[in-house]
Amino acid sequence: MPSNKKNTRMCCACREHADKSELLRIVKAPNGEIKLDRTKQADGRGVWLHNNEVCKSKVVKRKLLNSAFKCSVSEDIYEQLKGR
């Protein structure tokens with residue numbers, strides 16, 4: 001398995017690696033709140049996602065954030081992804 005560069009993360013939809021600057025981050029904060037992390041540095045469990053319609057629609061259609069965070073994610077988050 002090839003080693004990844006320091007600033008790369010894996011997209012939860014397509015499972016491809018990309019630089020952090022090309023990805024969106026959704027975070028589950030220690031208090032349980034799930035939100036889009038515009039700073040890409042918030043505390044908590046983060047999930048990375050390509051900022052394109054293909055990956056965003058795959059996450060929304062398959063509800064991939066539910067399995068990534070191991071909890072039920074609010075429809076508001078999925079709606080934000082559709083509109084972003």
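**Exercise 1.** Is His50 buried or exposed? Find the element that holds His50 and list its contacts.

*Solution.* The model is a predicted one.
- Step 1: His50 lies in strand S5, which covers residues 45-50.
- Step 2: The relative accessible area of His50 is 12%. Buried means under 20%, so His50 is buried.
- Step 3: Leaving aside residues up to four places away in sequence, His50 touches Cys11, Cys14, Glu16, Ala18, Glu22, Leu23, Cys55 and Lys56.

**Exercise 2.** Describe how helices H1 and H3 are placed relative to each other.

*Solution.*
- Step 1: Two packed helices are described by the angle between their axes and the distance between the axes.
- Step 2: The axes of H1 (residues 53-62) and H3 (residues 75-83) cross at roughly 160 degrees and come within 9 Å.
- Step 3: Angles over 145 degrees count as roughly antiparallel, so H1 is roughly antiparallel to H3.
- Step 4: The crossing of H1 and H3 is left-handed.
- Step 5: H1 contributes Lys56, Val59 and Val60 to the contact, and H3 contributes Tyr78, Leu81 and Lys82.
- Step 6: Of these residues, four are nonpolar, two are charged and none is polar.

**Exercise 3.** Which elements make up the protein chain, and in what order do they run from the N terminus? Compare its radius of gyration with that of a compact globule.

*Solution.*
- Step 1: The protein chain has five strands and three helices.
- Step 2: Their order from the N terminus is β-β-β-β-β-α-α-α.
- Step 3: A compact globule of 84 residues would have a radius of gyration near 12 Å, and the 12 Å of the protein chain agrees with this.
- Step 4: The C-alpha trace spans about 35 × 30 × 20 Å along its principal axes.
- Step 5: Buried residues account for 36% of the 84 residues.

Terms used: Residues are numbered from 1 along each chain as its sequence is written. This is a predicted model: local features need pLDDT of at least 70, side-chain atom pairs count only at pLDDT 80 or more; totals for chains, interfaces and linings use all residues. Side-chain values use heavy atoms; hydrogens and water are left out. Axes are lines fitted to C-alpha atoms, for helices over the stretch in contact, and angles run from 0 to 180 degrees between N-to-C directions. Helices (H or I, at least four residues) and strands (E, at least two) are DSSP runs, numbered from the N terminus. Angles under 35 degrees count as roughly parallel, over 145 as roughly antiparallel, 65 to 115 as roughly perpendicular and the rest as oblique. A crossing is left-handed if the near helix is turned anticlockwise from the far one by less than a right angle, and right-handed if clockwise. Contact means heavy atoms within 4.5 Å. Ala, Val, Leu, Ile, Met, Phe, Trp, Tyr, Cys and Pro count as nonpolar, Asp, Glu, Lys and Arg as charged, and the others, Gly among them, as polar. Buried means under 20% relative accessible area, exposed over 50%, partly exposed in between (1.4 Å probe, protein chains only). The radius of gyration is taken over C-alpha atoms; the globule rule is 2.2 Å times the number of residues to the power 0.38.
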